[in-house]
Amino acid sequence: MNTPQPEPVLDLAVLAELRELGGVSEPGLADELLALFLDDAARRLVALEDALARGERQVLMRAAHTLRSSSSNVGARRVERICAELEFLARDGEVRDAAFKVRELARAIAAVRDTYGALRRAA
Amino acid sequence: MSGIERTNRPIEELKLAGNLPSPTGVGLAILELTRGEDYSMGDVTRIIQTDPALTGRILRIANSAASSPAQPITSVSQAAMRLGVRSVRNVALGFSLVSGNRSGECRRFDYERYWAHSLAVAVAAAALAEEVRGAAPTDAFTCGLLCEIGSLALASIHPERYEEVLERAQGQGAGALLLLEQEVLDIDHVQLGCALLRDWGLPESFAQAVAVLEQRELEGLAADTDKLARILRAAHGLAASILDSDAELPSANELNLDRLRLAALRQRCRADWLEWGRTLQIPSKFRASETSALPRSELALAIPTSEASSTNTAARRGLRVLVVDDDPVALRLIALHLGRAGHEVIKATTGREALLAALEHAPQMVITDWMMPDMDGLELCRTLRSTEECRGMYLIVLTGRDRETLAVDAFDSGADEYFLKPYDAKILLARVRAGQRTIELREQVESDRRIQAQQVADMSVLNRKLEAAAMTDVLTKLPNRRFAMRRLEEDLSIALANNTALSVVMIDIDCFKQVNDEHGHGMGDLVLRETSNVLRSIVRREDTVCRLGGEEFLVICPGANLEQAAATAERMRRAVAHHVIGYGYGRAVTISAGVAQREEGADTVDDLLRVADRRVYVAKAAGRDQVCSEDPPRSHARSA
């Protein structure tokens, strides 16, 4: 799971695919999906912190799993990688390490928001 | 031809079609248990107690019927002691019919209004029974609740044909509806209702009271049946004004209650009806304009509900797909792909939400994520597979590449298909198309099964027609000798079992040979037909006129004693004598009649026919055109 090179916050190829998928009939699709993702991620982050505080590994694992799937769909590569690591830690690792991962995840989600905002302004 | 259905053969055939209203659950258990005579109070109360809702309803009716409210009834066995175990059994059966037959396929038949109306009749019948002390209120309640069960049965067995009947009968009287039912289905709702009540082992008096509900005159019923019949009719009159408080009170009633009493009763019944409606979850939103003042059978006529026939929309068109995923992005994307492929998409984000949506929207396919909080995808599959309404849905489980999610678990949980995320949209849609073929195949099988059931039902119509033909005299359209003997046998055994009266009238057209000789056989046939019509128009609904052969007729009068049957015979004699036959004949014929009743020493079919026959000859010997209902002194009898 350890990737030596840092992955991109947002995979531009995935974003391009989403724009193409939206096409002329749904030009706002990519924006809509990113908004859905950010909204959901914010809620999952709260759930993750709660689960961490209570030491509920199962809940931690599920939330990380779902967030990994949605981040992969929008090309949020860093979030995706952190979620995969978190899922692993929640299952087999130390809860203390998981706490560290959750803070890293919060920063990665914020980075998605910023990066996408910048991309839109640039467009 | 009234009541060729009295043998329960049509009922047996209709049962094969599979859609007869029938008691369910506890009601069915009670029915099975009490088929014979030897059941105990303990048996019945034990079964009822397994159903708390039913127990509550029984206690409720027991307490409303109890004359001393100081001692409330608190157990089913107390209720059975107070009301009698039979009454408790019967009312339990009635309730189980209400809970099991709340909707159906016949679009012109308003099931909710049907039950609301039946409940109003039930409540009114119970109140009237208490008021006039003519029948046990609980029995009146049950009888009222089921008095139109025949209409429900017709709508259930032949939804499409009955739709046609209701459509054609709209705006016409109750009589027209009965005729149309006979014409299209060869059985009417009164006959079928009576047959069902008998099949369920309800008292014969119930069936008889229902049989005379639509007739103008009540005659020749046993005293207790007569009372129940009057109560039932009056209850029917009240029902419309119970369903709507603005409706007018019925103007006349057979129970001689004054209007003030009637108004008070109506008030009480309405309150009762609303209470019962809440208990049984039957809506109470009907207006007079929608219910009565029309002939009673019009009540069941409904505005067609615009429920789209959604069953066959799958073919060559999009599917209705429920997509379940707690990841909103994935959900949005799958919905997008499916929507673009022409499918209708319903979305849910949790397993529980999905379950509700599945019940509400009846999707043909469910695509669910595996890993979800609250209820995961596999649990959802298992639950759907075990739910009657959802059993046939096509289930696809989606999952990530995890080591603990194994395809075999998905299939064990009832999934039809399983595949991994991230998925390729093209492959997803290809799998959905493959699923659609399976769904169409399943639906084809299901529709074949339905058509088959319909064919069985149609076959039973055909069989009834054939049987009717074999039992009908071609010339006069009256039931023939075969039918007469069978019917007399049945009526006689019912009369013996219930110790009720039964009489027969044997009729012979006077000097018929002369008509044939002087005017030819064509004129003879005409005289037979005309005379048959006159006889048929005179008798009560429960009487049966049959042509035994030649110029000989037999009238079977269940419930009538010698005097009543003789009065019927006399009316027939007079009517025939006054009916001038036209077509070149230009005068009336006369008949001679012999009347006999079931009594000690004369209680077999042969006895009855022999006595009646003997009396016909007495009438002939005494100069024809008369009715004889007693044997002359012995010496005369011999010379006749």
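## How helix packing is described

## Two helices side by side in chain B

Let us begin with helix α6 (residues 85-100) of chain B and helix α8 (residues 137-145) of chain B, whose axes lie 9 Å apart at an angle of about 30 degrees. Angles under 35 degrees count as roughly parallel, and α6(B) and α8(B) are therefore roughly parallel to each other. Their crossing is left-handed.

Which residues of α6(B) and α8(B) meet? From α6(B) come Ser87(B), Asn90(B), Val91(B), Gly94(B), Phe95(B) and Val98(B), and they meet Thr138(B), Asp139(B), Phe141(B), Thr142(B) and Leu145(B) of α8(B). Sorted by class, this contact has five nonpolar, five polar and one charged residues.

## An oblique pair in chain B

Further along chain B, helix α22 (residues 512-519) and helix α23 (residues 521-538) pack at an angle of about 140 degrees, with 6 Å between their axes. That makes α22(B) oblique to α23(B). On the α22(B) side, the contact is made by Phe512(B), Val515(B), Asn516(B) and His519(B). On the α23(B) side, His521(B), Met523(B), Gly524(B), Val527(B) and Leu528(B) take part. The residues of this contact divide into five nonpolar, four polar and no charged.

## Two loop residues with positive phi

Next come two spots in the backbone of chain B. Asp186(B) is not a glycine, yet it has a positive phi of about 65 degrees. You can find Asp186(B) in the loop between α11 (174-185) and α12 (189-199) of chain B.

Lys477(B), also in chain B, has a positive phi of about 65 degrees although it is not a glycine. Lys477(B) sits in the loop between α20 (425-470) and α21 (481-498) of chain B.

Now turn to chain A, which has 123 residues, 47% of them counted as buried. Chain A contains five helices and zero strands, so from the N terminus on, its elements run α-α-α-α-α. Among its contacts between residues at least 6 apart in sequence, 67% join residues at least 24 apart.

Is Asp40(A) buried or exposed? Asp40(A), found in helix α2 (residues 29-54) of chain A, has a relative accessible area of 2%. Buried means under 20%, so Asp40(A) is buried. Leaving aside residues up to four places away in sequence, Asp40(A) touches Ser70(A) as well as Asp326(B) and Pro328(B).

## How confident is the prediction?

For chain A, the mean pLDDT is 89, and 96% of the residues reach 70 or more. Within chain A, confidence is highest in α2(A), at 92, and lowest in helix α3 (residues 57-74), at a mean of 89.

Chain B averages a pLDDT of 80, with 85% of the residues scoring at least 70. Residues 1-7 of chain B have a pLDDT below 50, and this stretch has 27 contacts in the model beyond near neighbours in sequence. Residues 287-316 of chain B also stay under 50, and there the model has 58 contacts beyond four places in sequence. Where pLDDT is low, the predicted coordinates should not be read in detail.

Terms used
Residues numbered from 1 in each chain as written. Chains lettered and ligands numbered in written order. Predicted model: local features only at pLDDT ≥ 70, side-chain atom pairs only at ≥ 80, totals over all residues. Heavy atoms only, no water. Axes fitted to C-alpha atoms, helices over the stretch in contact; angles between N-to-C directions. Helix = DSSP H or I, 4+ residues; strand = E, 2+ residues; numbered from the N terminus. Parallel < 35°, antiparallel > 145°, perpendicular 65-115°, else oblique. Left-handed = near helix turned anticlockwise from the far one by under 90°. Contact = heavy atoms within 4.5 Å. Nonpolar A, V, L, I, M, F, W, Y, C, P; charged D, E, K, R; others polar. Buried < 20%, exposed > 50% of the residue type's maximum accessible area, 1.4 Å probe, protein only. pLDDT = per-residue confidence, 0-100.
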